[in-house]
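Reader: I am new to this structure. Please show me how to read its features.

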Amino acid sequence: MRKTAYPLLVLVVMLFCACNDEETYGDKKEKERNAISRYIRDNGINVIDENTFEAQGQTTDNAANQYVYLEKSGIYMQIERKGSGSMLEENKQVNLLCRYTEWNIMDNAMQSRDDYSPRSYDKMTVTRVGSQYTASFVSGVMLNTYGASVPAGWLIPLQYVRVGRQTDAEDGIAKVKIIVPHTQGQAYAMSSVYPCAYTITYQRER
């Protein structure tokens, strides 16, 4: 009896330890929050609330390295340039050309980018209905890496910037920096629970 009971006891202990070592979704979200806090601290980011953002005319003080925290989405956003042109029209499909860098905050590493040259960009179609935006990638690095679905975090800045055409090298097309939690991110971030920091420019296609 003793020879039979001992291996069973060892098996029960091993299973108990394995269950305890398994990382829960709550554990992953806590790691994500800690990674975002560390990124904000290490990069000297000054976080402002939405009331301050509105009082400043929906702008961020870039000299002070301000990012607004958008509570509903959990995104932090800095508007580096408001852009030329106009807000996206309602009930009209528009093609946007975007250049971006994607930094994996959890791994502290560049994960993807398309800003190697002026001829390099990602193209997406966007439609606005009221304050809701839907979009799909039709070409570029994001499409090839993550699929056609545009991260929700990429669409939120479109509520605050003007999207036009770049006519020369000095033209100020819309440019933002955003910190995106996994819930608003691309497919890999959503499934693996990690945040990314993006720098993105937006301009209309001809």
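Reader: Which residues does leucine 96 touch, leaving out those up to four places away in sequence?

Author: Contact means heavy atoms within 4.5 Å. Leucine 96 touches Leu88, Asp122, Lys123, Met124, Val126, Leu158, Val163, Tyr202, Gln203 and Arg204. This is a predicted model, where local features need pLDDT of at least 70, side-chain atom pairs count only at pLDDT 80 or more, and totals for chains, interfaces and linings use all residues. Residues are numbered from 1 along each chain as its sequence is written, and side-chain values use heavy atoms, with hydrogens and water left out.

Reader: Which residues touch the most other members of the largest nonpolar core?

Author: In soluble globular proteins, nonpolar side chains tend to be buried together. A nonpolar core is a set of buried Ala, Val, Leu, Ile, Met, Phe, Trp, Tyr and Cys residues joined through side-chain atoms within 4.5 Å. Buried means under 20% relative accessible area, exposed over 50%, partly exposed in between (1.4 Å probe, protein chains only). Here the largest core has 37 residues, and Leu96, Met124, Trp154, Leu158, Ile200 and Tyr202 touch the most other members. A second, separate core has 10 residues, including Ile45, Tyr76, Ile179 and Ala197.

Reader: How many bridges join β4 to β6?

Author: Strands (E, at least two residues) and helices (H or I, at least four) are DSSP runs, numbered from the N terminus. Two strands pair if DSSP finds at least two bridges between them. β4 and β6 run antiparallel, with 6 bridges. Asparagine 95 stands opposite threonine 125 in β6.

Reader: What do β6 and β7 form?

Author: They form a hairpin with 2 residues between them. Glycine 130 in the turn has a positive phi of about 65°. The two strands pair in the antiparallel sense over 7 bridges. Threonine 127 has threonine 134 in β7 as its bridge partner.

Reader: How many aromatic pairs does the structure hold?

Author: Rings of Phe, Tyr and Trp (its six-membered ring) pair if their centres lie within 6.5 Å; planes under 30 degrees apart count as stacked, over 60 as edge-to-face and the rest as tilted. The structure holds 7 such pairs. Tyrosine 69 and tyrosine 76 form a tilted one, 4.7 Å centre to centre with 40° between the planes. Tyrosine 69 is partly exposed at 30% relative accessible area, whereas tyrosine 76 is buried at 16%.

Reader: Why is the pair of tryptophan 154 and tyrosine 198 edge-to-face?

Author: Their planes stand at 75°, so the pair is edge-to-face, with ring centres 5.7 Å apart. Tryptophan 154 lies in helix α5 and tyrosine 198 in strand β9, so the pair ties together parts that are 44 residues apart in sequence.
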